[in-house]
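Subject: Structure handover

Hello,

My notes follow below it.

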Amino acid sequence: MSANTFKSEFLRTMQARGYIHQITHPQELDAAAASGIVTAYIGFDATAASLHVGHLIQIMMLRRLQQAGHKPIVLMGGGTTKIGDPTDKDGQRPLLTHEQIQGNIATIKGTFQRFLTFGDGPTDAVMVDNDAWLSAYGYVQFLRDFGVHFTVNRMLAFDSVKARLEREQPMTFLEFNYMLMQSVDFLELSRAHGCVLQMGGSDQWGNIVNGVELIRRVDQKPSFGLTTPLLSTASGQKMGKTVGGAVWLNADMRSPYDYWQFWRNTEDADVGRFFKLFTDLPLDEIARLEALGGAEINEAKKVLANAATTLLHGADEAERAQEAARVAFEQGGVSGDMPTFELPRADLEAGVVLAALAADAGLAGSKGEARRLAQGGGLRLNDAAISDANRVVTSADLVDGVVKLAAGKKKIVLVRPV
């Protein structure tokens, strides 16, 4: 269905901004969203202390839902994190303790408060933890109540399982149960909160469909699934992956300056798409910015960086990040808002090989990459290009108490002795 076909503001917006990949029952869901408040959820497992940019499209889907007058549920996977989602994984992820998982949930909560309005109102967001019901089930009761509704034949046919087995990667019985647990989550939310829609990435389609069918079979109630396309950059790179690792959303794990720089470095071909998915700018303004060519596209990227950083960290942090970037790249100066790497003073006094320092500071993925960067003229020390990555950096290189390192034209780190 096209955006013009949908009657509900929610699905029209989702379609126009590029969020929709598949919907289980599009006409029924559209009618429900056009006639009343739809309650929908997305699940987030707490495998780390922060979510990352790869989760951002899911967070924005909940934001679009609430903006259209519906109710979002943020489901934290306190229970499912104990198992591990096998989707798109080559191996079982490390199992965390209950205390580690709850600690991660506590630090993740603040991110959602930036994007959603929480409270007790009819369209206010709520956050729930599936550990509340999953850990309460006894094994025999769980199998008796829900195992009868799932066939191994069908589970083996899902792409996420098939792909894992075709790669000859072992899948534990623990992980195999994940799709049952996710289906039960949907059923529990349907019963407790009137939730009728589960959303997620297209890799979750099989799990979502299982939940839809479980609710219709057990409670004879309508429910729906909606997935978004799996997101990659124009060059085919997985969204949010960089040389320095994941683009975390928590400010203590990735500074607002680095976050701003991530969006500023968007590939030209992705600017329009990222505006639609990750900002609230109107579509007509996005069309104008997307049409810019030549050097002007860099101005559009700054608008994107400001808008995305404002949503997560606030307007003040976005403004500081932009000013720090301007000082660094247009004036060749140093700003206190630039990312810093702390190095023991004794190490700097003894001398550190530039390639090792660049890798440790996150400017390059390895010492070998730092050497290649230097040979290509892309590694700079205090604004001077250094072709010899074996050059030793010492305290004699301090300028105003820091050593300024840069990779290419877009990434800077201040090395500060401590």
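Is Gln58 buried or exposed? Gln58 counts as buried, because its relative accessibility is 11%. The cut-offs are under 20% relative accessible area for buried, over 50% for exposed, and partly exposed in between, with a 1.4 Å probe and protein chains only.

Some ground rules. This is a predicted model, in which local features need pLDDT of at least 70 and side-chain atom pairs count only at pLDDT 80 or more, while totals for chains, interfaces and linings use all residues. Residues are numbered from 1 along each chain as its sequence is written, and side-chain values use heavy atoms, with hydrogens and water left out.

**Helix α3**

Gln58 sits in helix α3. Helices (H or I, at least four residues) and strands (E, at least two) are DSSP runs, numbered from the N terminus. Setting aside residues up to four places away in sequence, Gln58 touches Ile42, Phe44, Gly200, Gly201 and Thr228. Contact means heavy atoms within 4.5 Å.

Helix α3 (residues 53–67) also meets helix α1 (residues 9–16): their axes come within 9 Å and cross at roughly 145 degrees. Axes are lines fitted to C-alpha atoms, for helices over the stretch in contact, and angles run from 0 to 180 degrees between N-to-C directions. On the α1 side the contact uses Glu9, Phe10, Thr13 and Met14. On the α3 side it uses Met61, Arg64, Leu65 and Gln67.

**Salt bridges**

Side chains of opposite charge can pair when their charged atoms come close. The rule here is a side-chain nitrogen of Lys or Arg within 4 Å of a carboxyl oxygen of Asp or Glu. By this rule the count is 13 salt bridges. Three of them are described here.

- Arg64 and Asp280 pair at 2.6 Å, N to O. They link distant parts of the chain, 216 residues apart: Arg64 is in helix α3, and Asp280 is in the loop between α13 (271–278) and α14 (283–290). Arg64 counts as buried, because its relative accessibility is 4%. Asp280 is partly exposed at 31%.
- Asp219 and Arg191 pair at 2.8 Å, N to O. Asp219 is in the loop between α11 and β6 (224–228), and Arg191 is in helix α10 (residues 178–193), 28 residues apart. Arg191 is partly exposed, with a relative accessible area of 45%. Elsewhere, shared partners join Arg63, Arg64 and Asp280 into one network of salt bridges.
- Glu28 and Arg216 pair at 3.5 Å, N to O. Glu28 is in helix α2 (residues 26–35) and Arg216 in helix α11 (residues 205–218), 188 residues apart. Glu28 is partly exposed at 40%, and so is Arg216 at 27%.

**Surface and loop**

Tyr139, Leu143 and Phe173 form a nonpolar surface patch, with about 340 Å² of accessible area together. Patches take residues with over 30% relative accessible area and no salt bridge; like charges are joined within 9 Å, nonpolar side chains (Val, Leu, Ile, Met, Phe, Trp, Tyr) within 5 Å. Areas come from the Shrake-Rupley method with a 1.4 Å probe; for residues, only the protein chains shown count as cover. Phe173 is in helix α9 (residues 173–176). Phe173 is exposed, because its relative accessible area is 54%.

Gly401 lies in the loop between β13 (392–393) and β14 (403–407). Gly401 is partly exposed at 37%. Beyond its neighbours within four places in sequence, Gly401 contacts Val415, Arg416 and Pro417. The C-alpha atoms of Gly401 and Val415 are 8.9 Å apart.

Best wishes
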